[in-house]
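Please walk me through this structure, working from the helices to the aromatic rings. Keep it brisk.

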Amino acid sequence: MKAIKKFGIIMLFFAVKVSAQQISSADLQVTGLTCSMCSNATQKSLETLNFISSVKPDLNKNIFVLTFKKDANINLDLVRKKVQDAGFSVGGLTASFNFNQLKIDDKGQAVVDGNVYRFVNAKSKTLNGPVKASIVDKNFISGSAFKKQATTANSDAYASGTGVVNGKKTRIYHLVLS
């Protein structure tokens, strides 16, 4: 009986690892930067997040290339918050996801490791391997881009970023595949 429990625990561990998605990197566009001190403030704010391994600014494009720690629990809302804490806004965030047989349902939704993703431009599809996707939620894109996207998002949770999934109020990220 004890051996069966151990085997079950080990299989559960591998099942979680197999189904896990991983975000390896992201291009974060920040708006409102006017000088190198603005860039430094944003970089220092982002570097306080324990799941980021490196932040490389590209001042010509106002982009920060974020590299995430392997197997870290990444919270993209915290990335947005750190940019806002530094006094600026997120103009865009495109991340490289590594999906492992992620099935998107006929409504464009997929749940993986507790994260709920609604794909604006994909339905009834399986994603496998590295995939680039942009987050199109409020405060992840410009206000005008958000208003434009809202007309085509076709999601009851788009305006608030939250919805009820499996009976619980849940954060829902809206993504557009690149």
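## Helix H4 and its end

Just after H4, Asn154 adopts a positive phi of about 50°. Helices here are DSSP runs of H or I with at least four residues, strands are E runs of at least two, and both are numbered from the N terminus. This is a predicted model: local features need pLDDT of at least 70, side-chain atom pairs count only at pLDDT 80 or more, and totals for chains, interfaces and linings use all residues. Residues are numbered from 1 along each chain as its sequence is written, and side-chain values use heavy atoms, with hydrogens and water left out.

H4 itself spans residues 143-153, and its residues Phe146, Gln149 and Ala153 are buried. Seen down the axis of H4, these buried residues fall within an arc of 70°, so they line one face of the helix. The arc is taken from the directions from the helix axis to the C-beta atoms. Buried means under 20% relative accessible area, exposed means over 50%, and partly exposed lies in between (1.4 Å probe, protein chains only). The other side of H4 carries exposed Ser144, Lys147, Lys148, Thr151 and Thr152. Strand S9 (168-177) is what the buried residues of H4 pack against. Contact means heavy atoms within 4.5 Å.

## Helix H2

Which residues are buried in helix H2? In H2 (residues 36-46) they are Cys38, Ser39, Thr42, Gln43, Ser45 and Leu46. They cover an arc of only 165° around the axis, which puts them on the same side of H2. Met37 and Lys44 are exposed, on the face of H2 turned away from its buried side. The cover over the buried residues of H2 includes strand S1 (22-31), strand S2 (52-58), strand S3 (63-68) and helix H3 (76-85).

## The whole chain

The protein has four helices and nine strands. Along the sequence they follow the pattern α-β-α-β-β-α-β-β-β-β-α-β-β. Of the 178 residues, 40% are buried. Take the contacts between residues at least 6 apart in sequence: 64% of them join residues at least 24 apart. The protein exposes about 10,300 Å², with carbon and sulfur atoms supplying 54% of that area. Accessible areas come from the Shrake-Rupley method with a 1.4 Å probe.

Confidence comes next. The average pLDDT (the predictor's confidence in each residue, from 0 to 100) is 87, and 88% of the residues score at least 70. Over residues 4-20 the pLDDT is below 50; this stretch has nine contacts in the model beyond near neighbours in sequence.

Val65 is in strand S3. Val65 counts as partly exposed because its relative accessibility is 32%. Val65 and Gln29 are 36 residues apart in sequence, yet their C-alpha atoms are 8.8 Å apart. Leaving out residues up to four places away in sequence, Val65 touches Ala26, Asp27, Ser54, Val55 and Lys56.

Thr162 belongs to strand S8 (residues 162-165). At 27% relative accessibility, Thr162 is also partly exposed. Its C-alpha is 5.2 Å from that of Ile172, ten residues away along the chain. With residues up to four places away left out, Thr162 touches Ala157, Lys169, Thr170, Arg171 and Ile172.

## Aromatic rings

Rings of Phe, Tyr and Trp (its six-membered ring) pair if their centres lie within 6.5 Å; planes under 30 degrees apart count as stacked, over 60 as edge-to-face and the rest as tilted. By this rule there are eight aromatic pairs. Two of the edge-to-face pairs are set out below.

| Pair | Centre distance | Plane angle |
|---|---|---|
| Phe97 and Tyr117 | 5.6 Å | 80° |
| Phe99 and Phe119 | 6.4 Å | 70° |

Phe97 lies in strand S4 (residues 89-104) and Tyr117 in strand S6 (residues 115-119), so this pair ties together parts that are 20 residues apart in sequence. Phe97 is buried, at 0% relative accessible area. Tyr117 is buried too, at 1%. Phe99 is in strand S4 and Phe119 in strand S6, so their pair likewise joins parts 20 residues apart in sequence. Both Phe99 and Phe119 are buried.

Ring pairs link Phe97, Phe99, Tyr117, Phe119 and Tyr173 into a cluster. Over the ring of Tyr173 sits the charged end of Arg171, 4.2 Å from the ring centre. A charge sits over a ring if NZ of Lys or CZ of Arg is within 6 Å of the ring centre and within 35 degrees of the ring normal.
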